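Subject: Structure for you to look at

Hello,

Here is the structure I said I would pass on. My notes on it follow below.

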Amino acid sequence: MTGGRGIVAEEECIILFLRRCTNECKPFYTIEVRRQEVVQVRGAGNCGMTPEVEAFVTAWKQRALCAPLPAAAA
């Protein structure tokens with residue numbers, strides 16, 4: 001992940017953790033989001049996305065990042 005704690009503390013980015021339902025305690029992938037855009041997705045050993053993870057992230061982006069914000073949050 002780029003940047004470090006400062007950009008998270010200043011709310012310039014959000015770090016999300018993707019975990020498998022079958023093993024919620026074990027980290028799987030880390031997702032970095034800035035300005036409503038996925039900037040980076042990395043797994044163990046800094047690996048890139050598998051096709052399974054890429055499909056999930058693509059679907060998640062459509063639901064979570066492309067959806068209009070409620071009026072109170074805008």
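Of the contacts in the chain (heavy atoms within 4.5 Å) with a separation of 6 or more, 29% are between residues 24 or more positions apart. This is a predicted model, in which local features need pLDDT of at least 70 and side-chain atom pairs count only at pLDDT 80 or more, while totals for chains, interfaces and linings use all residues. Residues are numbered from 1 along each chain as its sequence is written, and side-chain values use heavy atoms, with hydrogens and water left out.

The chain has 2 helices and 3 strands (DSSP runs, H or I of at least four residues for helices and E of at least two for strands, numbered from the N terminus). Their order along the sequence is α-β-β-β-α. Of the 74 residues, 19% are buried (under 20% relative accessible area, with exposed meaning over 50%, 1.4 Å probe, protein chains only).

In α2, the buried residues are Val53, Val57 and Leu65. They lie on the same side of α2 because they cover an arc of only 50° around the axis (taken from the directions from the helix axis to the C-beta atoms). Their cover includes β1 (14–18), β2 and β3 (37–43). Pro51, Glu52, Gln62 and Arg63 are exposed on the face turned away from the buried side of α2.

Regards
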